[in-house]
Amino acid sequence: MSIQLSVPNELISSSLSISGSKSESNRLLLLQKLYGNIQLNNISDAQDVEVMQKALANNSSTIDVHHAGTAMRFLTAYFAVTEQKSVLLTGSERMQNRPLKILVEALQKLGANIEYVKKEGFPPLQIKGKEITKNEIELSANVSSQYISALLLVAPKLAKGLKLKLKGEITSLPYLKMTLDLLKEIGVKYTFENQLIEVFPKNEIEALNYTIESDWSSASYHFSMVALAEDLELELKHFKNNSLQGDAKLVEIYLHFGVKASLKNGILKLQKQQDFQLPETIQLNLIQQPDLAQTIAVTCLGLGINCKLTGLHTLKIKETDRLQALKNELEKFGAQVEIDEQSLFLKSPKKLHADVLVKTYQDHRMAMAFAPLATKTSLKIEDPEVVEKSYPNFWKDLKKIGFSL
């Protein structure tokens, strides 16, 4: 199945509502399960979050998280520290080929009882929850931030808390800071100095009513839309100043593409700067915002800008090998693309090929990143339902803007 996107005759300036941050929602749902008295508002409607909610409410001995990588990582830590609980934690075929060894080894060194059921280093896992009394661990800092966040989220429930020493340059630091800020929000004390994070134990917290900010990663596709369109203004609801989300860096990044973003009373307004001179080439280090790489690369393609994007080493272990997937699909439009282990160089064509079929590789971001390109050329997107993983209303919102699907 695929969806056809044709260049619309006219785009409609619109006001859109984006649901809560997937990253915040999954972290807070785990903390809610650990402590009980947290009331959450504006929870993400993403499929990943629904999977997390169901898993945390499930009393079965087998938990299947399907394609949800965040749920797999967070639940590995959660079930490892949940006493008297034994589960088989599994997922889709792709999930069973996504590495988990670094997190599992860290938990095992703390004393967790986790065994691989099939292939060493990968799900499924057999986990027997127990009290964890050890509290010191070292971890390479350039691994997925979700490994680190998984450990930090359960840390205050460990008997002695956790001392986590990070070695090397930290990847996706904003997501790590988000986790620590949310721990602080519920009253957990921590210190973070010289690559050492210490989280202190806390058995109970005061009742908390928390409203989750809308998802900046989902907003990225609309930044791209405004950048690529001739004349389009969008308003996105439920955003915050002083966001915890690293992808709020979008505001700064998309100034390179002539998009002005202003935030007032929770409304994020996107509009194009008039008479803006686009650069011929742009270089960005996305080590703190790797999830924006696909969107930015497609924006550059649509605007005819060459780009070099670095800091992308974690993209190879996402829903797909995103670097290879990007190269494959960008080249279908006439681009020249070079990749290595952590970077992508794009040379944009003078004219985009039309009626290209974009493969999504079961990756929600591939579908949504390429969709704004329909402002410039016709294309088809394979497996459009993959957007349900993070942004179920994406295609409906495109219709509001003026696309016929």
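User: Into which domains is the protein chain divided?

Analyst: The model is predicted, so keep that in mind throughout. The chain has domain 1, made of residues 2–19 + 213–401, and domain 2, covering 22–210. Domain 1 is thus written as two stretches of sequence, because the numbers 2–19 and 213–401 are both assigned to it.

User: What distance separates the centres of the two domains, taken over C-alpha atoms?

Analyst: The centres of domain 1 and domain 2 lie 29 Å apart. In the contact, domain 1 supplies 32 residues and domain 2 supplies 31 residues.

User: How is the size of an interface often given?

Analyst: Interface size is often stated as the accessible area that is lost when the parts come together. Here, about 2,400 Å² is buried between domain 1 and domain 2, and carbon and sulfur atoms give 45% of that area.

User: How many salt bridges and polar contacts does the rule find across this interface?

Analyst: For salt bridges, the rule finds one between domain 1 and domain 2. For polar contact, it finds nine residue pairs across the interface, with both residues at pLDDT 80 or more. Sorted by class, the residues of domain 1 that touch domain 2 are five nonpolar, 15 polar and 12 charged.

User: Which side chains meet in a salt bridge at 2.8 Å?

Analyst: Those of K389 and D48, with the distance taken from N to O. The cut-off for a salt bridge is 4 Å, so this pair qualifies.

User: Next, a single residue. Is T76 buried or exposed?

Analyst: Buried means under 20% relative accessible area. T76 has 0% relative accessibility, so it counts as buried. T76 sits in helix α3, which spans residues 69–81.

User: What does T76 touch?

Analyst: Leaving aside residues up to four places away in sequence, T76 touches A71, L89, L100, L103, V104, L107, I114, L125 and I127. The T76 side chain also reaches the backbone oxygen of M72, at 2.6 Å.

User: How many residues of helix α9 are buried?

Analyst: In helix α9, residues 293–303, the count is 11 of the 11, so the helix is largely enclosed by the rest of the structure. Among them are Q294, T295 and T299, as well as I296, V298 and L301.

User: What is found just after α9?

Analyst: G304 follows there, with a positive phi of about 75°.

Definitions and conventions. Residues are numbered from 1 along each chain as its sequence is written. This is a predicted model: local features need pLDDT of at least 70, side-chain atom pairs count only at pLDDT 80 or more; totals for chains, interfaces and linings use all residues. Side-chain values use heavy atoms; hydrogens and water are left out. Contact means heavy atoms within 4.5 Å. Buried area is the accessible area (1.4 Å probe) that two parts lose on being put together, summed over both. A polar contact is a pair of N or O atoms within 3.5 Å; within protein, one must be able to donate a hydrogen and the other to accept it, and residues adjacent in sequence count only if both atoms are side-chain atoms. Ala, Val, Leu, Ile, Met, Phe, Trp, Tyr, Cys and Pro count as nonpolar, Asp, Glu, Lys and Arg as charged, and the others, Gly among them, as polar. Helices (H or I, at least four residues) and strands (E, at least two) are DSSP runs, numbered from the N terminus. Buried means under 20% relative accessible area, exposed over 50%, partly exposed in between (1.4 Å probe, protein chains only).
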